Amino acid sequence: MDKRIVEKVFNEYRNVLLFFVNSFLRDKDKSQDIVQEVFMRLYKEKNEIYNLKGWLFKVAKNLVIDDLRRNKRFVYLDEETEIEDENENLKRNRLKSILKREVENLPKIYKDFFILRDVEGYSYEEIARKFKVPLGTVKTRVFRARIYLREKLKNELRKI
């Protein structure tokens with residue numbers, strides 16, 4: 001891939017990828033190495049990439065998984081920290097199940113558009129082509145799905 005394009009993509013996605021990777025690894029140096037590897041792979045990529053953002057996150061996710069498998073880390077914590085971590089895991093799992101339930105309950109007219117855009121990372125243009133609808137329709141339906149979810153989740157988040 002052209003070096004100038006990779007530099008532009010790097011400047012646009014570096015920070016968000018670093019945050020994404022570091023949220024799993026909790027090791028800034030290792031996270032920076034993985035993000036750098038993502039962009040090295042982009043530079044070496046010979047095939048056309050249709051969904052750049054999705055491709056970047058997929059490669060980052062796979063590199064994180066490889067790292068976690070390769071470096072099975074054992075952390076010894078005191079009891080208080082273990083309890084806090086367990087409570088955080090319970091909250092996170094509860095939030096995931098609530099979000100999953102509410103996405104499943106989205107009105108059909110919004111659901112497919114939301115999932116393709118915000119879960120699978122398709123571009124608005126790709127979704128418009130897939131459903132053969134105007135670009136504005138796709139943007140409106142994704143926006144309305146987000147509003148719907150925000151309202152549904154507002155009360156649930158206060159409880160967690």
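Q: Where do Phe20 and Phe24 lie, and how many residues apart are they?
A: Both Phe20 and Phe24 belong to helix 1 (residues 3–25), and they are four residues apart, about one turn of the helix. Helices here are DSSP runs of H or I with at least four residues, strands are runs of E with at least two, and both are numbered from the N terminus. This is a predicted model, in which local features need pLDDT of at least 70 and side-chain atom pairs count only at pLDDT 80 or more, while totals for chains, interfaces and linings use all residues. Residues are numbered from 1 along each chain as its sequence is written, and side-chain values use heavy atoms, with hydrogens and water left out.

Q: How many aromatic pairs does the structure hold?
A: A pair of aromatic rings is described by the distance of the centres and the angle of the planes. Rings of Phe, Tyr and Trp (its six-membered ring) pair if their centres lie within 6.5 Å; planes under 30 degrees apart are stacked, over 60 edge-to-face, and the rest tilted. The structure holds four such pairs. In one of them, the ring centres of Phe20 and Phe24 are 5.2 Å apart and the planes stand at 80°, so this pair is edge-to-face. Phe20, Phe24 and Phe57 form one aromatic cluster.

Q: What is the relative accessible area of Phe20?
A: Buried means under 20% relative accessible area, exposed over 50%, and partly exposed in between (1.4 Å probe, protein chains only). Phe20 has 21% and is partly exposed. Phe24 is also partly exposed, at 46%.

Q: Which charged ends sit over the ring of Tyr124?
A: A charge sits over a ring if NZ of Lys or CZ of Arg is within 6 Å of the ring centre and within 35 degrees of the ring normal. For Tyr124, the charged end of Arg117 is 4.1 Å from the ring centre, and that of Lys139 is 5.7 Å from the ring centre.

Q: Which phi value does Arg26 have?
A: Most residues other than glycine have a negative phi, and most peptide bonds are trans. Phi of Arg26 is near 55°, a positive value in a residue other than glycine. Arg26 lies in the loop between helix 1 and helix 2, and is exposed, with a relative accessible area of 63%.

Q: Where does Lys132 lie?
A: Lys132 is in the loop between helix 6 (124–131) and helix 7 (135–159). Its phi is near 55°, again positive in a residue other than glycine, and at 75% relative accessibility Lys132 counts as exposed.
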